[in-house]
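Morning, everyone. I have one structure to show, so let me put it up and walk through it.

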Amino acid sequence: MEAKTNMQHLFDKLGDLKSFFVYGQKLVPIFQKIIDFMHETVPLLENVNQSIQESTSKIPKAAHQLDNVSSATEVATTEILDVVDGVSNDLQAIQARLKSLESKLTAKEESIAKLVARYPNDPDVGNIFKTGANSAALDDDVNSMIQMVDKIQEGMMNITLSLQVQDITAQQLLSVNHMITSIQSRLSSLLVDLGGKETKELPGQEFELSNNTAFNPDARYDRNHNHQVLADTLAAENSIKTSQKEIDKLFANK
Amino acid sequence: MALKFLIVDDSVTMRRIVINSLKTIGHESFVEAADGREAMQKLTVDESINFVITDWNMPEVSGLELVKAVRSNPKLESIPILMVTTRGMKEDIVEALQAKVNNYIVKPFTPQILREKIEAIVITAA
């Protein structure tokens with residue numbers, strides 16, 4: 001009785017095995033297709049691998065170039081600031097001389113007025129002095145020159161202020177450099193995962209972004225001052241809150 | 001009272017621009033530092049500095065860290081600090097104000113804005 005049960009169990013298992021083989025036969029073409037597909041993808045993967053390798057090796061050069069742009073603009077900005085400072089100093093000197101000339105002319109006019117006052121009965125004396133000095137025209141000239149110098153000074157200051165763009169663009173370039181060096185790092189590890197060799201920069205093209213560099217990725221050259229309006233509003237709100245806290249603290253102590 | 005400014009910025013260009021702007025509005029006394037660490041050293045050594053103008057994004061010690069360091073130092077805590085930075089997002093401004101900067105300027109600035117903020121701080125402090 002027990003032998004019959006064991007045999008039945010064996011036949012059941014053989015039946016399962018047969019089903020498995022039948023199912024396996026159906027799977028064979030599918031596996032074959034997968035293997036064929038994998039064979040076909042090998043050249044494609046090699047292409048991807050090579051592309052990544054090429055792209056990755058170019059990144060340090062791009063990063064260097066961006067860094068060079070930043071350094072060059074800083075040097076150029078310093079040179080412009082040197083020139084602007086020189087011109088501003090000259091303008092200040094001219095302004096000082098013009099003001100001195102203006103006060104000398106005023107003193108001269110006062111002297112003429114005194115001289116004219118000494119000869120009240122002789123109108124010709126006054127006319128001779130006034131015509132000879134022609135101080136009114138000179139006064140106008142000096143005044144207009146002072147105004148022109150003021151205008152040039154204002155222009156110089158505007159140039160200086162516009163140079164803030166250098167700091168802002170330098171931060172934008174640093175941000176881009178940070179981004180592309182991160183991409184290089186990701187691509188390098190992807191390359192290793194794909195079985196390729198880690199890319200090596202060409203000699204002299206190694207680029208490492210210093211950990212010390214600090215930048216604002218959202219830096220913008222916005223002359224509308226919209227952010228300043230926001231800052232002023234928040235500062236005013238903060239000031240009210242602080243004052244209220246101080247008042248509350250004062251009453252709490254009493 | 002004459003103000004002696006400590007200008008803190010890692011950009012040489014920006015330090016020159018801030019100093020030139022301060023000169024146009026009548027100030028004459030300046031000390032410079034390239035980051036928060038150098039600024040703290042100068043503040044500790046030079047007791048005549050009575051106003052700080054600082055950038056935010058700087059290597060080593062940032063402007064915000066400088067503000068916190070100054071505010072937690074009993075000898076320096078009351079010194080006025082004006083932050084001049086490219087960071088114009090609301091959360092940045094709020095963070096700086098919470099760290100107790102006296103006022104906040106978003107670059108690019110003009111000498112008029114600089115004058116307004118300095119005067120407002122000086123009047124409040126007085």
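Predicted model: local features only at pLDDT ≥ 70, side-chain atom pairs only at ≥ 80, totals over all residues.

Residues are numbered from 1 along each chain as its sequence is written, chains are lettered from A and ligands numbered from 1 in the order written, and side-chain values use heavy atoms, with hydrogens and water left out.

First, the sheet in chain B. How are the strands ordered? The order is β2-β1-β3-β4-β5 of chain B, 5 strands in an open sheet with parallel pairing. Strands here are DSSP E runs of at least two residues, helices are H or I runs of at least four, and both are numbered from the N terminus. Two strands pair if DSSP finds at least two bridges between them. β2 (29–33) and β5 of chain B are at the edges, each with a single partner strand, so one side of each has no neighbour in the sheet. From one strand to the next, the twist averages 20°. Axes are lines fitted to C-alpha atoms, for helices over the stretch in contact, and angles run from 0 to 180 degrees between N-to-C directions.

Now the centre of that sheet. β1(B) and β3(B) run parallel, joined by 4 bridges. B:F5 stands opposite B:F51 in β3(B). Helix α5 (residues 111–125) of chain B packs on the sheet and touches β1, β3, β4 and β5 of chain B. Contact means heavy atoms within 4.5 Å. The direction of helix α5 makes about 175° with that of β5(B).

On to β4 and β5. Strand β4 (residues 81–85) of chain B pairs with β5(B) in the parallel sense, over 4 bridges. B:M83 has B:Y104 in β5(B) as its bridge partner. With helix α4 (residues 90–98) of chain B, β4(B) and β5(B) make a right-handed β-α-β unit. Right-handed means that, with the strands pointing away from the viewer, the path from the first strand over the helix to the second runs clockwise.

Which way do the side chains of β5 point? In a regular strand, side chains alternate between the two faces of the sheet. In strand β5 (residues 103–106) of chain B, B:N103 and B:I105 point one way, B:Y104 and B:V106 the other, and all are buried. Buried is under 20% relative accessible area, exposed is over 50%, and partly exposed is in between, with a 1.4 Å probe and protein chains only.

Next, the rings. Rings of Phe, Tyr and Trp (its six-membered ring) pair if their centres lie within 6.5 Å; planes under 30 degrees apart are stacked, over 60 edge-to-face, the rest tilted. The count is 3 aromatic pairs over all chains. A:F20 and A:F21 are edge-to-face, 6.2 Å centre to centre with 65° between the planes. A:F20 is exposed at 54% relative accessible area. A:F21 is exposed, also with 54%. The centres of B:F5 and B:F51 are 5.2 Å apart with planes at 50°, so that pair is tilted. B:F5 in strand β1 (residues 4–8) and B:F51 in strand β3 (residues 51–54) are 46 residues apart in chain B. B:F5 is buried at 0% relative accessibility, and B:F51 is buried at 0%. Ring pairs link B:F5, B:F30 and B:F51 into a cluster.

Last, B:I17, in helix α1 (residues 12–24) of chain B. Buried or exposed? B:I17 is buried, at 0% relative accessibility. Not counting residues up to four places away in sequence, B:I17 touches A:L81, A:T160, A:L161, A:L163, A:Q164 and B:F109.
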